[in-house]
Amino acid sequence: MRNMCIRVTVCIGAQGSHGSRNLLCGVTPQRALCMTAAGTVEDAKLEGRKGAESAGVRKRGVDGPVRSFEEIPHTGRNGWVNLVKFWREDRFRQLHRHMERTFNALGPIYREHVGTQSSVNIMLPSDIGELFRSEGLHPRRMTLQPWATHRETRQHSKGVFLKNGEEWRADRLLLNKEVMMSAAVKRFLPLLDEVARDFCRMLRARVEREGRGEEGKRSLTMDPSPDLFRFALEASCHVIYGERIGLFSSSPSLESQKFIWAVERMLATTPPLLYLPPRLLLRIGAPLWTQHASAWDHIFSHAEARIQRGYQRLSSPQGRGSESGTAGSQYTGVLGQLMEKGQLSLDLIKANITELMAGGVDTTAVPLQFALFELGRNPEVQQRVRQQVKESWAQAGGDPQKALQGAPLLKGTIKEILRLYPVGTTVQRYPIKDIVLQNYHIPAGTMVQACLYPLGRSAEVFEDPQRFDPGRWVGSREEGHRGEGTGFRSLAFGFGARQCVGRRIAENEMQLLLMHILLSFHLSVSSSEDIRTMCTLILQPETPPRITFSKL
C-alpha cells in the first residue's frame with residue numbers, strides 16, 4: 001500500500017472542544033495527518049518476531065523448508081483495529097520511519113494489514129529483484145481507487161497510471177516514444193533548459209534586488225519552495241503543451257496558481273479515500289469526496305483548456321507548417337506530437353496529459369528542496385559538483401545534453417537525493433506466480449511493496465548510508481556496492497515497463513536547474529541539522545529549508 005498523509009478538518013464547534021476526528025468532513029491545509037497500511041513497532045503484537053529472531057536474516061535460496069505465508073512476521077492481524085489505532089493516536093505522519101523501525105524489529109520481511117488493504121513489505125535488493133522478475137508482461141501496482149472512481153463517475157478515459165493489462169501496454173508503448181525514448185529527450189531538453197535559465201535569471205535579479213552585501217556579490221536567504229513549485233509547473237507545461245505560461249512574471253496567472261492548489265488538494269484528499277468506499281461517500285455527499293472530485297475536476301478543466309489551445313494552434317497554418325517538419329519548425333510538445341501522429345484518441349490523449357501534469361509538479365519541486373539543502377550543508381561536495389559542471393558547460397558550447405553527459409556527478413546528486421528522500425516511499429507489484437522471499441512462500445497475486453526509505457538508509461546495502469555522497473553512483477564506485485541484487489538499489493522512479501512515465505522529463509528538469517544554479521550561486525544553510533520529514537502522498541519536509549544564495 002502506498003504510504004500517504006492527509007490533512008483533516010477536526011469536526012468541532014470550537015477549536016479544541018472535542019478530540020474526535022471525522023474522515024468525512026474534508027480537508028484543510030492547517031493540520032497534517034498521515035494514513036498508512038501499517039502497524040507500529042511499539043504497541044503491535046509483532047507476532048512472528050521470535051521466529052524471525054531465531055532464524056536470523058533468511059536469504060533466498062538458503063537450506064531448509066520454505067515457511068508458509070502465515071508465518072511471515074506481522075504487525076497485527078485485525079486491519080480495522082490497526083487502522084483505528086493509527087488514526088486515533090496520530091502516528092501516521094512518520095510512515096517511512098515506522099517502516100524502518102519495523103524492519104529493524106522483525107527482519108527484512110513483514111506483513112501488515114490495515115483497513116481493507118494487506119501487503120508484504122520487503123527492503124533488500126535481492127528480494128526486490130526476485131519480485132520484479134515475477135511481474136510478468138503486464139506489471140500491476142496498487143490502483144488508487146479514488147482516482148479511478150472519479151474517472152468512472154465523470155466518464156473520463158483513464159490514462160496509463162490507472163490501466164492494467166494489454167490496454168495499458170498498448171497505450172504505454174505509444175507514450176514511451178514521446179517521453180522516454182532518447183529521440184524524444186533530445187527534442188524536449190532545450191525547452192527544459194530554457195525554463196531553467198529563466199528561473200536563474202529571475203533568481204539573480206531577486207538576489208541583487210533584495211540581498212545583502214556589495215553590488216554584484218549579494219546574498220539572499222529565503223525559502224525557495226514556492227519558486228520551485230512555479231518552476232516545476234512552468235517546465236512541465238513547456239514540455240507537455242509546447243508553450244510557456246508565464247509563472248516567472250511579477251504577477252503569475254491566477255489560473256496557474258489555482259492549478260497548483262488543486263493538485264495539492266487532490267493529493268491531500270486521496271489517502272483517507274483509500275480506506276473508505278468512494279462510491280458510498282459519493283452517494284451520501286460526503287465533503288471529503290466532494291473536495292477530492294472538485295480538485296480533479298479543476299485539474300481536468302485546466303488540461304482541457306490547454307489541449308483546446310494546443311489543438312487550435314496546431315490547426316493553424318503556422319502549426320501545420322511545424323508538423324510537416326519545415327525549416328525552422330519548433331517542437332510542439334508532447335501534446336502536439338500525440339495529436340500529430342493520431343494513434344491515441346483525443347480522450348486518451350487528454351487522460352494521459354492530465355496525469356502527466358498532475359504528477360509532474362510536487363514530485364520534482366520537493367526533491368529540489370532536498371537537493372539545495374544537502375548541497376548547502378555539504379560545501380565540499382557542492383564544490384566538486386560545481387567544478388565538474390563548470391568544466392562540462394565550458395566544453396559543451398551551450399548544448400544542454402552534452403553538458404549533462406559531461407557531469408555525471410550531477411546525475412549522481414539526483415540519485416543520492418532520491419536515495420535519502422524517495423518521493424514515493426514504496427514500489428508495489430503483484431507477482432504473477434508463487435515466489436519465495438526470505439524463505440517464505442508468497443502466493444501469486446499478493447501485493448508486495450519494496451520500501452524505499454529503509455532500503456536507501458540500510459547499512460546492509462550502502463556503505464555509510466547517512467552520508468550524502470553523489471560519487472557513490474559514479475563509475476567504478478557504483479560497481480563496488482554491497483550485497484546481492486545490487487541492481488535494485490535505486491528505484492525512486494520504479495522499475496521496468498511500469499516505471500514512472502515522466503521519468504526522463506523529471507530527471508533532466510532537476511539536473512538542468514541544479515546545473516544553472518551551481519553556475520550562478522554558492523549555496524549555504526544556517527543549520528546542518530537533519531531536515532524533519534513527513535509522509536504525505538509523497539515524502540516532504542515538515543518545514544521547507546531556508547537556503548542562502550550567494551552570487552558567484
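Is Arg-384 buried, partly exposed or exposed?

Tutor: Arg-384 counts as partly exposed, because its relative accessibility is 46%, where buried means under 20% relative accessible area, exposed means over 50%, and partly exposed lies in between, as computed with a 1.4 Å probe on protein chains only. This is a predicted model, in which local features need pLDDT of at least 70 and side-chain atom pairs count only at pLDDT 80 or more, whereas totals for chains, interfaces and linings use all residues. Residues are numbered from 1 along each chain as its sequence is written, and side-chain values use heavy atoms, with hydrogens and water left out.

Arg-384 lies in helix H16, which covers residues 379-396; helices (H or I, at least four residues) and strands (E, at least two) are DSSP runs, numbered from the N terminus. Arg-384 and Leu-409 are 25 residues apart in sequence, and their C-alpha atoms are 8.3 Å apart in space.

Turning to the charged pairs, the structure holds 35 salt bridges, a salt bridge being a side-chain nitrogen of Lys or Arg within 4 Å of a carboxyl oxygen of Asp or Glu. One of them joins Arg-279 to Glu-152, with the closest N and O atoms 2.8 Å apart. This pair links distant parts of the chain, since Arg-279 belongs to helix H10 (residues 278-284) and Glu-152 to helix H5 (residues 145-154), 127 residues apart. Arg-279 is partly exposed at 43% relative accessibility, and Glu-152 is also partly exposed, with a relative accessible area of 34%.

Another salt bridge is formed by Arg-197 and Asp-193, whose closest N and O atoms are 2.8 Å apart. Both residues sit in helix H7 (residues 182-210), and because they are four residues apart there, about one helical turn separates them. Arg-197 is partly exposed at 28% relative accessibility, whereas Asp-193 is buried, with a relative accessible area of 5%.

A further salt bridge brings together the side chains of Arg-244 and Glu-234, at 2.5 Å from N to O. Arg-244 lies in the loop between helix H8 (225-241) and helix H9 (254-273), while Glu-234 is in helix H8, so the pair ties together parts that are 10 residues apart in sequence. Arg-244 counts as partly exposed at 27% relative accessibility, but Glu-234 is buried, with a relative accessible area of 1%. Through salt bridges that share partners, Glu-234 and Arg-244 belong to one network with Glu-194, Asp-198 and Arg-201.
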